[in-house]
Amino acid sequence: MRGLLERLAVGEVLVADGAMGTLLMARGLAPGACPEALALERPDVLEEVAAVYAAAGADLVQADTFGGSPLKLAPYGLGRRAAEINARAVEAARRGVAGRALVYGSMGPSGRLLEPYGDASEAEVLRSFSVQARALAEAGADAIFVETMSDATEAALAVRAAKEAAPAVPVVATMTFDRTPRGFFTIMGVTVERACRVLEDAGADAVGSNCGNGSDAMVEIAAEFKARTQTPVAIQPNAGLPHASAGGLVYTEDPGYMAERARALIALGVAIVGGCCGTGPEHVRALREAVDRRGTR
Amino acid sequence: MEILREIAESLGRGEDRRVAELARAALAVGTTPKEVLDRGLILGMADVGERFRRHEIFLPDVLLAAKAMTAGVEVVKPLLAGEAARARGTVVIGTIQGDLHDIGKNLVGIMLKGAGFDVIDLGNDVAPERFVEAAEREGAGVVGMSALLTTTMPGMAKVVDLLGRRGLAGKVRTIVGGAPVSAEFAREIGADAHGYDAANAVERVAELVGAV
């Protein structure tokens with residue numbers, strides 16, 4: 001299978017998968033349990049989720065490693081097992097996709113605030129991401145997605161760690177923005193323009209946004225990215241913002257709506273479209289159809 | 001008084017050492033510790049909360065202001081007599097059992113600390129009994145609960161109910177928040193307050209302890 005960079009270079013639009021946590025909970029992940037521990041305890045579940053997304057038509061399927069950095073695993077007493085967890089998760093996803101999709105390692109926030117706002121040093125956070133990135137690369141991840149970042153410095157450390165550990169593995173880096181009366185900012189105050197600059201300087205092969213917004217806001221965010229960078233753009237919206245209902249939390253965007261907004265993303269020239277919270281295999285199937293109808297960028 | 005305004009402004013810029021110096025200077029010229037706290041530090045933090053809500057500043061500025069607040073509180077706290085030595089009282093916070101989302105709750109914790117409250121953060125996935133036990137143990141005036149999932153919201157009602165059965169209703173006040181949580185829901189379960197965002201939560205907690 002051709003690699004991510006080659007496919008981006010020829011203008012292909014790639015479909016990434018949807019949410020992980022909800023699918024794991026539906027398969028028995030207990031409330032309060034560490035989702036990444038499943039790599040050790042129930043790799044069969046991770047394999048099945050990967051298979052579900054590959055069957056739905058995703059080109060890119062994640063390993064269950066979002067919270068797999070040693071710093072993030074530490075509160076569960078699993079910090080020292082980070083390398084093992086990341087490796088087992090990549091292997092499980094690889095078995096699940098069975099050659100149908102590329103497997104990416106997900107790297108989410110460390111859960112710590114960097115100095116001077118918090119007590120974590122840059123060196124400590126870089127070291128933590130390095131352990132994770134090395135394990136993902138050694139296990140054969142086809143790409144690394146640095147995701148859901150709100151602090152530009154932390155995001156850059158994660159990208160750097162990935163690029164140092166495995167220069168040949170493509171890195172996609174996405175941040176989470178809030179709509180404010182003054183435009184889009186992350187909660188740490190990062191603009192789209194600054195995100196582009198910082199992530200590209202750190203070596204990201206694609207930049208963009210995931211989580212925090214439904215498709216409508218994501219189309220606006222995507223337009224901002226496209227106006228500010230030549231680097232390929234990745235966009236992974238939530239299925240709208242959650243609303244309460246008698247039956248539980250409900251995300252408002254059905255697969256059809258998401259796919260219709262995905263056409264706007266593709267028209268803008270977005271290179272990778274996928275889903276975040278609230279999305280599932282049906283959303284991915286709808287995105288697949290939207291992309292296939294359109295073809296290349 | 002000029003120096004109190006300086007304290008508030010310096011706090012807003014996140015100057016922790018300067019805030020501590022100014023607090024000491026204010027005490028040296030006869031300002032009472034209570035005035036330094038209420039009309040310097042707390043006023044400054046209230047302004048930070050307001051600017052955060054207006055998106056004029058972001059989390060880093062709030063975090064630095066909270067550090068400056070802490071530096072100032074450390075100067076005056078030993079001098080506050082009796083009851084007031086607990087600065088503004090203790091708040092127990094956590095996300096409800098089954099809920100792993102803690103960004104909103106953490107933000108409330110940071111801003112409560114910044115506003116001079118002692119904060120006991122129980123983390124996420126907290127069982128109703130633990131909220132109640134912690135409130136009793138710590139002598140907390142307020143319990144704050146957060147949920148992002150509607151499936152976990154009934155846990156909030158359990159905490160309110162447990163406090164009532166332990167005879168703590170009215171002594172330990174409750175505030176709820178989180179994306180799916182409304183003021184209406186708060187009323188339905190008998191919670192004392194609802195915070196619609198982090199800054200609002202701090203204001204409502206201040207009202208609950210009667211220390212505006």
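The model is predicted. Ile93(B) sits in strand E1 of chain B, which covers residues 90-95. Setting aside neighbours within four places in sequence, Ile93(B) is in contact with Lys105(B), Val108(B), Gly109(B), Val119(B), Asp121(B), Leu122(B) and Gly144(B). Gly40(B) lies elsewhere: 53 residues from Ile93(B) in sequence and 26 Å away in space, C-alpha to C-alpha.

Now for chain B as a whole. The chain has nine helices and five strands. Their order along the sequence is α-α-α-α-β-α-β-α-β-α-β-α-β-α. The table lists some overall values.

| Property of chain B | Value |
|---|---|
| Radius of gyration | 17 Å |
| Box filled by C-alpha atoms, along the principal axes | roughly 50 × 35 × 25 Å |
| Buried share of the 212 residues | 51% |

A compact globule of 212 residues would have a radius of gyration near 17 Å, so the value for chain B agrees. Take the contacts in chain B between residues at least 6 apart in sequence: 73% of them join residues at least 24 apart.

Next, the nonpolar core. In soluble globular proteins, nonpolar side chains tend to be buried together. Here the largest nonpolar core has 179 residues. Those with the most contacts inside this core include Ile144(A), Val146(A) and Val159(A). Helix H4 of chain B, residues 59-76, gives the most to this core, with 11 residues. Val159(A) has contacts beyond its neighbours within four places in sequence, among them Val146(A), Val171(A), Ala173(A) and Leu199(A).

Technical notes
Residues numbered from 1 in each chain as written. Chains lettered and ligands numbered in written order. Predicted model: local features only at pLDDT ≥ 70, side-chain atom pairs only at ≥ 80, totals over all residues. Helix = DSSP H or I, 4+ residues; strand = E, 2+ residues; numbered from the N terminus. Rg over C-alpha atoms; globule rule 2.2 N^0.38 Å. Buried ≥ 20, exposed ≤ 12 C-beta atoms within 10 Å, placed from the backbone. Contact = placed C-beta atoms within 7 Å. Core = buried A, V, L, I, M, F, W, Y, C linked by C-beta atoms within 7 Å.
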